[in-house]
Amino acid sequence: DLHSFPTRRSSDLGLAAPLSRLYGGGPGTGGLIVAAAPFGMCLTSAALPRLMPPSIRSRLIVPLAAFGCAALVLVWLRPPLWAVLCLLCLAGVGSTFSTLLNPMFGRAVPAAYRGRAFGIAVAGVSATQGLEQILAGVIAAHRAATSVIGASGAVGVAAVLAVAAVWPRTRASQLDLGGGTAPDSSAGPGR
């Protein structure tokens, strides 16, 4: 499921302390590491849906997801801290794909089940992110935090490419991503 790709970014959250130590920093550096990706997402998540027509937005989902993961791969090279923060910010920009994906998901689910579906999706994403942070921490006990984040990005790129091969381009472009009304499902399931 493409919606779970924000998990490829949670390794940097789970590794903020060891990454900060790797660069000779303390809690302040850890705070910058934690804030970098959400800052990047904030830069684009509010503007992108308003600046791009719906037909373009639906076509940006897969490239944004791949871009966010690819930015993390470069952390593997152990660049200077300022570059790591910029790469994490770019990963956050890539995470904007989920802002574009949410309306598609909401419109694809009948109204009677929408709340439950979003609840299950959020729980699944949260559980996956938590498991990834645990796994990243275990691996970081034996490898540099930059290597773990870079590998996480590489796995994310591979997963996005696998999903891209089957991503429903025609259906995505037909869905209204611009705040229009969803199809009427008031009749409920099975009616």
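This is a predicted model: local features need pLDDT of at least 70, side-chain atom pairs count only at pLDDT 80 or more; totals for chains, interfaces and linings use all residues.
User: At what angle do α3 and α6 pack, and how far apart are their axes?

Analyst: The angle between α3 and α6 is about 35°, with the two axes 6 Å apart, and α3 passes α6 in a right-handed crossing.

User: And α5 against α6, what angle and axis distance there?

Analyst: α5 and α6 pack at an angle of about 165°, and their axes are 7 Å apart. Angles over 145 degrees count as roughly antiparallel, so α5 and α6 are described as roughly antiparallel to each other. Their crossing is left-handed, and the residues that meet are Leu64, Ala65, Phe67, Gly68, Ala71 and Leu72 in α5 with Leu87, Leu88, Leu90, Ala91, Val93 and Gly94 in α6.

User: What about the α5 and α7 pair, how do those two pack?

Analyst: Helix α7, which covers residues 97-108, packs on α5 at an angle of about 135°, with the axes 8 Å apart. That makes α5 and α7 oblique to each other, and their crossing is left-handed. On the α5 side the contact is made by Arg57, Leu60, Ile61, Leu64 and Ala65, while Phe97, Leu100, Leu101 and Met104 make it on the α7 side.

User: Stepping back, how many helices and strands does the protein have?

Analyst: There are ten helices and zero strands. Of the 191 residues in the protein, 40% count as buried, and among the contacts with a separation of 6 or more, 82% are between residues 24 or more positions apart.

User: Which residues have the most contacts inside the largest nonpolar core?

Analyst: That core has 18 residues, and those with the most contacts inside it are Leu15, Leu19, Ile33, Leu72, Leu88, Val148 and Ile149. The elements giving two or more residues to this core are α2 (16-22), α3 (27-45), α5 (54-73), α6 (81-94), α8 (114-140) and α9 (145-164). The largest share, five residues, comes from α6.

User: Anything on a second core, and which residues does it include?

Analyst: A second, separate core has 15 residues, including Leu64, Leu100, Met104 and Trp167. Leu64 and Leu100 also take part in the contact between α5 and α7.

User: Back to Val148, what does that residue touch?

Analyst: Once residues up to four places away in sequence are left out, Val148 touches Leu15, Ala136, Ile139, Ala140 and Arg143.

User: Switching to cysteines, how many disulfides are found?

Analyst: The search of the whole structure finds zero disulfides. For Cys42, the nearest cysteine sulfur is that of Cys89, and it is 9.7 Å away.

User: Are Cys42 and Cys89 buried or exposed?

Analyst: Cys42 has a relative accessibility of 56% and counts as exposed, whereas Cys89, at 15%, counts as buried.

User: Where does Leu48 sit, and what is in contact with it?

Analyst: Leu48 is in helix α4, residues 48-51, and counts as buried at 15% relative accessibility. Leaving aside neighbours within four places in sequence, Leu48 is in contact with Arg57, Leu60, Leu64, Thr96 and Leu100. Leu48 and Leu60 are twelve residues apart in sequence, and their C-alpha atoms are 10.0 Å apart.

User: What about Ser45, buried or exposed?

Analyst: Ser45, which lies in helix α3, is buried, with a relative accessible area of 18%. Apart from its neighbours within four places in sequence, Ser45 is in contact with Thr96 and Thr99. Thr96 is also among the residues in contact with Leu48.

User: Last one, what is the phi of Arg78?

Analyst: Phi of Arg78 is near 55°, which is a positive value in a residue other than glycine. Most residues other than glycine have a negative phi. Arg78 is in the loop between α5 and α6, and is partly exposed, with a relative accessible area of 46%.

Conventions: Residues are numbered from 1 along each chain as its sequence is written. Side-chain values use heavy atoms; hydrogens and water are left out. A nonpolar core is a set of buried Ala, Val, Leu, Ile, Met, Phe, Trp, Tyr and Cys residues joined through side-chain atoms within 4.5 Å. Buried means under 20% relative accessible area, exposed over 50%, partly exposed in between (1.4 Å probe, protein chains only). Helices (H or I, at least four residues) and strands (E, at least two) are DSSP runs, numbered from the N terminus. Contact means heavy atoms within 4.5 Å. A disulfide is a pair of cysteine sulfur atoms within 2.5 Å. Axes are lines fitted to C-alpha atoms, for helices over the stretch in contact, and angles run from 0 to 180 degrees between N-to-C directions. Angles under 35 degrees count as roughly parallel, over 145 as roughly antiparallel, 65 to 115 as roughly perpendicular and the rest as oblique. A crossing is left-handed if the near helix is turned anticlockwise from the far one by less than a right angle, and right-handed if clockwise.
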